Amino acid sequence: MRYAVISDVHSNLEALRAVLADIKANSVKEILFTGDAVGYGPDPNECLKIIEAGCSVLIAGNHDWAAISLTDITFFNRAAQSAMMWTMKTLTKENLQTLSKFKMTEVVLEKNLFLVHSTPREPQRWFYLQPYRDAAANFEYFDEKICFLGHSHIPFIVERNLKGEVAVYNDEIKITKGARYIVNVGSVGQPRDGDPRACYCIFDEGLISFRRVAYEISKTQEKMRRCGLPIHLIERLAYGV
Ligand code: ZN
């Protein structure tokens with residue numbers, strides 16, 4: 001059975017549609033979402049509807065919480081703040097209600113998977129989990145075999161083997177018996193690892209792998225211009241930074 005994990009869509013409808021088409025072509029059974037449906041991009045309502053309808057688990061990201069005033073956006077940088085103000089006034093009442101149902105963490109698949117947006121240790125403080133610095137400590141804060149998360153928009157896999165040794169990978173790996181994993185699934189709507197293509201993760205019993213999917217970036221950028229979203233947010237999509 002194959003599962004897809006998607007994260008950090010950030011109101012980018014073109015990227016989301018391209019990823020869903022790729023997921024469909026990969027005979028995936030279920031899609032899990034690890035947060036940040038909205039913020040930054042031009043289509044928050046459309047993206048939320050699709051995510052709610054298509055994903056079996058819905059985790060809240062910091063932008064999702066900001067949109068329903070559960071996170072203080074004075075901690076956001078100026079472009080993110082300005083995009084969030086636009087998002088808050090654009091979201092429908094119904095979609096604001098949908099966001100309030102998103103969970104902070106969730107355990108799925110007979111307790112083998114743990115899902116969170118930022119870190120298992122302090123989910124509501126929205127820290128970025130640095131694979132080399134923070135992963136070892138974070139393994140103590142969930143019991144499942146694999147933790148999927150997002151937030152930094154940079155994909156990686158941390159493996160902790162039976163001896164407690166930790167290794168970091170940027171590409172696909174075979175799942176080893178006894179080992180545990182923390183996987184950042186990357187970002188659908190605003191990748192930041194230098195590759196502008198949408199990113200998501202597929203896993204089955206034997207393998208964790210990343211998929212990169214090209215989409216019509218210029219179309220999203222044009223919509224963002226029309227919505228008056230910050231130029232910095234528009235330009236970065238072309239570079240994946
Ligand atoms: Zn994000």
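A: Let us begin with contact, which means heavy atoms within 4.5 Å. Helices (H or I, at least four residues) and strands (E, at least two) are DSSP runs, numbered from the N terminus. This is a predicted model, in which local features need pLDDT of at least 70 and side-chain atom pairs count only at pLDDT 80 or more, while totals for chains, interfaces and linings use all residues. Residues are numbered from 1 along each chain as its sequence is written, and side-chain values use heavy atoms, with hydrogens and water left out.

Q: Which residues in H2 and helix H5 meet?

A: On the H2 side they are Asn45, Leu48, Lys49 and Glu52, and their partners in H5 are Glu94, Asn95, Thr98 and Leu99.

Q: At what angle do H2 and H5 pack?

A: Axes are lines fitted to C-alpha atoms, for helices over the stretch in contact, and angles run from 0 to 180 degrees between N-to-C directions. H5 covers residues 93-100, and H2 packs with H5 at about 45 degrees, their axes being 10 Å apart. That makes the pair oblique; under 35 degrees would count as roughly parallel, over 145 as roughly antiparallel, 65 to 115 as roughly perpendicular, and the rest are oblique. The H2 and H5 crossing is left-handed, meaning that the near helix is turned anticlockwise from the far one by less than a right angle (clockwise would be right-handed).

Q: How should I describe H1 and H2: roughly parallel or roughly antiparallel?

A: Helix H1 (residues 13-25) packs with H2 at about 25 degrees, with 9 Å between their axes. The two are therefore roughly parallel to each other, and their crossing is left-handed. Leu13, Leu16 and Leu20 of H1 meet Glu46, Cys47, Ile50 and Ile51 of H2.

Q: Which protein donors hold the zinc ion?

A: Donors are N, O and S atoms within 2.8 Å of the metal (3.2 Å for Na, K and Ca); water is not among the atoms, so sites may look incomplete. Here the protein donors are Asp8 (OD), His10 (NE2), Asp36 (OD) and His153 (NE2), lying 2.0 to 2.5 Å from the zinc ion. Aspartate 36 sits in the loop between strand E2 (30-33) and helix H2 (44-54), while histidine 153 is in the loop between strand E6 (146-149) and strand E7 (156-160), so this pair, 117 residues apart, links distant parts of the chain.

Q: Why does the arrangement around the zinc ion count as irregular?

A: The 4 donor atoms subtend angles of 87 to 177 degrees, which makes it irregular. Four donors count as tetrahedral if all angles lie between 85 and 135 degrees; four count as square planar and six as octahedral if opposite donors are over 155 degrees apart and all others between 65 and 115; anything else is irregular.

Q: Is aspartate 36 buried or exposed?

A: Buried means under 20% relative accessible area, exposed over 50%, and partly exposed in between (1.4 Å probe, protein chains only). Aspartate 36 is buried at 1%, and histidine 153 is buried at 2%. Histidine 63, in helix H3 (residues 62-67), is also buried, at 3%. Beyond its neighbours within four places in sequence, the contacts of histidine 63 include His10 and Asp36.
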